[in-house]
Amino acid sequence: MEILHQVKRVTDNKETIIVTISEEKQILYWNKKAELIFGDTAGMIAFLESLHISEIFDTVITDGTEQSLRCTLPNNHCYEMFIFPFRPAKNKVNITILWHLSEAWESWSNWDENIFALTQEIIDAVADGIIIVDAKGIVRQTNKSYEAMANIRKQDYINVHIDTLVENGLIHQGLSPMVVDRKETMSIVDFRNGKDMLLTGTPVFGRTGEVICVLCNVRDVTELRNLKEQLSESKRLQQDYLKKLNEVMSPNILNFHTENAKMRHIVELAMRVAPSNSTILLLGESGVGKGVFANLIHQSSKRNAKPMMEINCGSIPPNLFESELFGYEAGAFTGASKGGKPGIFELADKSTLFLDEIGDLPGDMQVKVLKAIQDKKIMRIGGNKPIHVDVRIIAATNRILEDMVKKKTFREDLYYRLNVIPILIPPLRERPEDILALTLHFIKKLNREYSMNKFFQPLVLNAFLDYHWPGNIRELENTVERLLITSTSSEIPLASFYEIKGNSGNNDGTIAIPLQEILDQKEKELLLATYKSTNSTRKSASLLGLSQSAFMRKAKKHGISLR
Ligand SMILES: Nc1ncnc2c1ncn2[C@@H]1O[C@H](COP(=O)(O)OP(=O)(O)OP(=O)(O)O)[C@@H](O)[C@H]1O
């Protein structure tokens, strides 16, 4: 006993806690530090029981070996606990327990207080959260930003082991043990206090290369994640949009072709407005592709599950207008069909109604169409209850509606109703790239349709580029078709183009027909005419003063088929 009291005297001045307990779990003595931390013997016994100490005691007594474990004492500091047997007499075993503050803490607590306070001030001034964990996994320092971010009380964290924080649900996973393990900077994203926190742990090395502590930098990335999600959402939309745009730019979809930059911008605009319900007014000369555009917009809209309804206001007899637009009830007039008939407005419900040649809409119909668009309701002829219609309007005209408004032939109020998003499609002569692209497209298409393999001589393409195409794409398409179908040879010469378009096709007279081409054409005509009349290559050759083989060679060159 005397020896123990001497030990006590020595250890009273130290950080070490020392307690000796009899086999019957009577506390035989403790040092000052133990008293300070546990308060009274009941507190100490309760603490030991919480560690299931009886089992450990049994092992120590029966095996006679020392046991050690790590635990957090009521002062919230982490200690190494050593339990070993002490035999004061034969057949008597007491248990001695020593608690040492963990080494890492010792090195921390050995810091000069002023330096420690200075570090605290520095990390408090940082906007990111900072949390310093020693190599054993015990939280040593936190800064104000971290406390605010994680909504914690400093005392719940400081000197508490990371595992205890995980157990208490204060954090989900500990980063610092992984950093200590791998000795390298690591990051994790943890969800704490309703926020996404990006934790980056950097190991701090001591002079001998051992990890002293881990400096964790914590950043609230909730906003960043939201922005990232928004960004990826907008990227997705952009991808969709680009995909759609590529689809429409690709020659196969809706047969829409363009190589012209201005047209591409117009298509982009059309794609942007397509998903909305806004009314669109397509303007441009006849044959520029207003109908194709209307289709394109409808196909790219949310209404594309139903087909687009189309009416050409320039081709409906005035007396049929109202019934075509709004329909009629059974028996509304003589000749009305029995069951009545829905008009195009009703048929276009939940879809798009394309009002082509809107400038040709008669005055009385202008009022009714305006009312239908405004009220989103129509009344069948002979009907007495309005019918709700959900219709997106696309109107088109090659007329200058402003002039018509000025001349009072087109209602101003209807004009403004329709002119919500005007899209002006330029004439073909203003987009030479399209003349070429469309010509080649139509040649390809017709060759495929008619199983032919015909082509234009390069000069024909030049002439196409020089021609002013008053009828725009429609005229171009018809011209290509006529040239291909009527030509007897596979190679279409310039002369054929002039036959259709006349020399006026050469707008400024700068393209002259090359002599060789005229001669070729004439030679071909002569060969054909002679062969048709004689039906014999030998006779034709002799009439033309050629050898038979020369005649055959020339006929082949001109694509004349010889039976
Ligand atoms: N970009 C294009 N790619 C391929 N073909 C096109 C294109 N634009 C128009 N066309 C073709 O040109 C012809 C005329 O087009 P569309 O009927 O759409 O012109 P429009 O401007 O509506 O004419 P109008 O004012 O006379 O009604 C159609 O055969 C159409 O298929």
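Q: Before we start, what does contact mean here?
A: Contact means heavy atoms within 4.5 Å. The model is predicted.

Q: Then take Leu48. Which residues does Leu48 touch, leaving out those up to four places away in sequence?
A: On that count, Leu48 touches Ile21, Ile53, Met81, Ile97 and Trp99.

Q: And where does Leu48 lie?
A: Leu48 lies in helix α3, which covers residues 41-50.

Q: Buried or exposed?
A: Leu48 is buried, because its relative accessibility is 2% and the cut-off for buried is under 20%.

Q: What about the whole chain, how much of it is buried?
A: Of its 563 residues, 43% count as buried. The chain has 25 helices and 21 strands. Of the contacts between residues at least 6 apart in sequence, 58% join residues at least 24 apart.

Q: Next, Gly64. Where is Gly64?
A: Gly64 is in the loop between α4 (53-63) and β3 (67-72). At 39% relative accessibility, Gly64 is partly exposed.

Q: What is Gly64 in contact with, apart from neighbours within four places?
A: Gly64 is in contact with Thr59 and Pro85.

Q: Switching to the five-stranded sheet, what is the strand order?
A: The order is β12-β15-β18-β11-β19, in an open sheet with parallel pairing. Neighbouring strands are turned by 20° against each other on average, with direction ignored.

Q: How many bridges join β11 to β18?
A: Four bridges join β11 (residues 280-283) to β18 (residues 391-397), and the two strands run parallel. In one of the pairs, Leu281 has Ala395 of β18 as its bridge partner.

Q: And which strands does α13 lie across?
A: Helix α13 (residues 290-299) lies across β11, β15 (351-356), β18 and β19. Helix α13 runs at about 155° to β11.

Q: What does Gly340 touch, beyond residues up to four places away?
A: Gly340 touches Tyr328, Glu329, Ala330 and Arg380. Gly340 and Tyr328 are 12 residues apart in sequence, with a C-alpha to C-alpha distance of 5.4 Å.

Q: Now the helices. At what angle do α19 and α21 cross?
A: The axes cross at roughly 45° and come within 10 Å; α19 covers residues 432-449. The two helices are therefore oblique to each other, and their crossing is right-handed.

Q: Which α19 residues make that contact?
A: On the α19 side they are Ile435, Leu438, Thr439, Phe442, Ile443, Lys445 and Leu446. On the α21 side they are Ile473, Leu476, Glu477, Val480, Glu481 and Leu484.

Q: And α19 with α20, what is the angle there?
A: Roughly 135°, with the axes of α19 and α20 (residues 458-466) coming within 9 Å. This pair is therefore oblique, and the crossing is right-handed. Pro432, Ile435, Leu436 and Thr439 of α19 meet Leu461, Phe464 and Leu465 of α20.

Q: Last one, Ser489. Where is that?
A: Ser489 is in the loop between α21 (472-486) and β21 (491-492).

Q: Why is Ser489 classed as buried?
A: Because its relative accessible area is 8%, and buried means under 20%.

Q: Which residue's side chain makes a polar contact with the side chain of Ser489?
A: Lys524, at 3.1 Å. Apart from residues up to four places away in sequence, Ser489 touches Lys454, Lys524 and His558.

Notes: Residues are numbered from 1 along each chain as its sequence is written. This is a predicted model: local features need pLDDT of at least 70, side-chain atom pairs count only at pLDDT 80 or more; totals for chains, interfaces and linings use all residues. Side-chain values use heavy atoms; hydrogens and water are left out. Two strands pair if DSSP finds at least two bridges between them. Axes are lines fitted to C-alpha atoms, for helices over the stretch in contact, and angles run from 0 to 180 degrees between N-to-C directions. Buried means under 20% relative accessible area, exposed over 50%, partly exposed in between (1.4 Å probe, protein chains only). A polar contact is a pair of N or O atoms within 3.5 Å; within protein, one must be able to donate a hydrogen and the other to accept it, and residues adjacent in sequence count only if both atoms are side-chain atoms. Angles under 35 degrees count as roughly parallel, over 145 as roughly antiparallel, 65 to 115 as roughly perpendicular and the rest as oblique. A crossing is left-handed if the near helix is turned anticlockwise from the far one by less than a right angle, and right-handed if clockwise.
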